[in-house]
Amino acid sequence: MGSATADTSTGVGPLLRHWRERAGLSQLELALRAGSSARHISFVETGRSRPSREMVLRLAGQLAVPVRERNALLTAAGHAPHYPETPVDDAALAALRGSLERMVTAYEPYPALVVNGRWEVLAANRGITLVLEGVAGHLLRPPLNAMRVTLHPEGLAPRIRNFREWREHLLEQMRRQLALLRSAPLRELYEEVSVYPLPEGSTERRGLDGPFALPMVIEHQGRTLSFFSTTTTFNTPMDVTVSELAIETFVPADADTATLLPVLVPRQEDGQRDGPAGAP
């Protein structure tokens, strides 16, 4: 995701107040959690006191501030960033990349992929390749973007039976991201995909919501496949890049889909695969 730019003209105080109010905490509550005093929190927020590096990190941790924005807070307070931002293709992340590729491969025949903070696909299995059949070639050029592929009228959109509901679910997911991260690339992506025209026949809701979660219901070669989606992220990441990685997995939402997938995506034994799992 693009670098968050701290507004250093206003300093760290207004930024910390924003995160405290977003968390619904009073100055006293935050002070008790961080082992400080309400007076000190007040002085920091009004610019009368500059917090130490350790205090910024402690407050950010209590407020569950995203890793990228913790660096922005440190910069606004006049300190150096604490968390590195390692390129995903760097040798230092080779072991992590290998683990993620093995993970999505092991999830077959169910679809699974790994995306970064801009929704670019970094790894995917053959279940995802199955879903992508029929998508326009220009949408599959690297870097493949999961949001663009799903919502574009030449992408998955015409095949998603409950497209209006699924579209709103994805756009709301992006809005929640934008509320946490000031990212120009993500904002540009949202502005692009949110105005895509609806595919023909998707102007009415179809009432396909599941009993406990919204499924994605998609047509594939005359069959109907239904999936619940789940998202997995890393606990306590110490790198900006790693903090923004997400593993998206799709679980069959009905018995027919669970029965069809092993037929449509038969498992391959170790050594039979052409190469490691990767972006289609």
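Helices α2 (residues 27-34) and α3 (residues 38-45) pack against each other in this predicted model, with axes that come within 8 Å and cross at roughly 110 degrees. That angle falls in the 65 to 115 range, so the two helices are roughly perpendicular to each other. The crossing of α2 past α3 is right-handed. On the α2 side, the contact is made by Q27, L28, L30 and A31, and on the α3 side by A38, I41, S42 and E45.

Turning to the aromatic side chains, a search of the whole structure picks up two aromatic pairs. One of them joins Y107 and Y110, whose ring centres sit 5.7 Å apart. The planes of these two rings are at 70 degrees, over the 60 needed, so the pair is edge-to-face. Y107 has 23% relative accessibility and therefore counts as partly exposed; Y110, at 27%, also counts as partly exposed. The other pair, F227 with F250, is edge-to-face too, with 6.2 Å from centre to centre and 80 degrees between the planes. This pair ties together distant parts of the chain: F227 belongs to strand β4 (residues 223-232) and F250 to strand β5 (residues 246-252), 23 residues apart. Both phenylalanines, F227 and F250, are buried.

Most residues other than glycine have a negative phi, and most peptide bonds are trans. Against that background, the bond from E108 to P109 is cis, with omega near 15 degrees. P109 is found in the loop between α6 (94-106) and β1 (112-115). Another cis peptide bond links P142 to P143, this time with omega at about -5 degrees, and P143 sits in the loop between α7 (126-131) and α8 (146-151).

W119 is not a glycine, yet its phi is about 70 degrees; the residue lies in the loop between β1 and β2 (121-124). With 8% relative accessibility, under the 20% cut-off, W119 counts as buried. For Q221, again a residue other than glycine, phi is near 50 degrees, and its place is the loop between β3 (216-220) and β4. Q221 has 58% relative accessibility, over the 50% cut-off, so Q221 counts as exposed. The two residues thus both sit in loops, but W119 is buried whereas Q221 is exposed.

Note on methods. Residues are numbered from 1 along each chain as its sequence is written. Side-chain values use heavy atoms; hydrogens and water are left out. Axes are lines fitted to C-alpha atoms, for helices over the stretch in contact, and angles run from 0 to 180 degrees between N-to-C directions. Helices (H or I, at least four residues) and strands (E, at least two) are DSSP runs, numbered from the N terminus. Angles under 35 degrees count as roughly parallel, over 145 as roughly antiparallel, 65 to 115 as roughly perpendicular and the rest as oblique. A crossing is left-handed if the near helix is turned anticlockwise from the far one by less than a right angle, and right-handed if clockwise. Contact means heavy atoms within 4.5 Å. Rings of Phe, Tyr and Trp (its six-membered ring) pair if their centres lie within 6.5 Å; planes under 30 degrees apart count as stacked, over 60 as edge-to-face and the rest as tilted. Buried means under 20% relative accessible area, exposed over 50%, partly exposed in between (1.4 Å probe, protein chains only).
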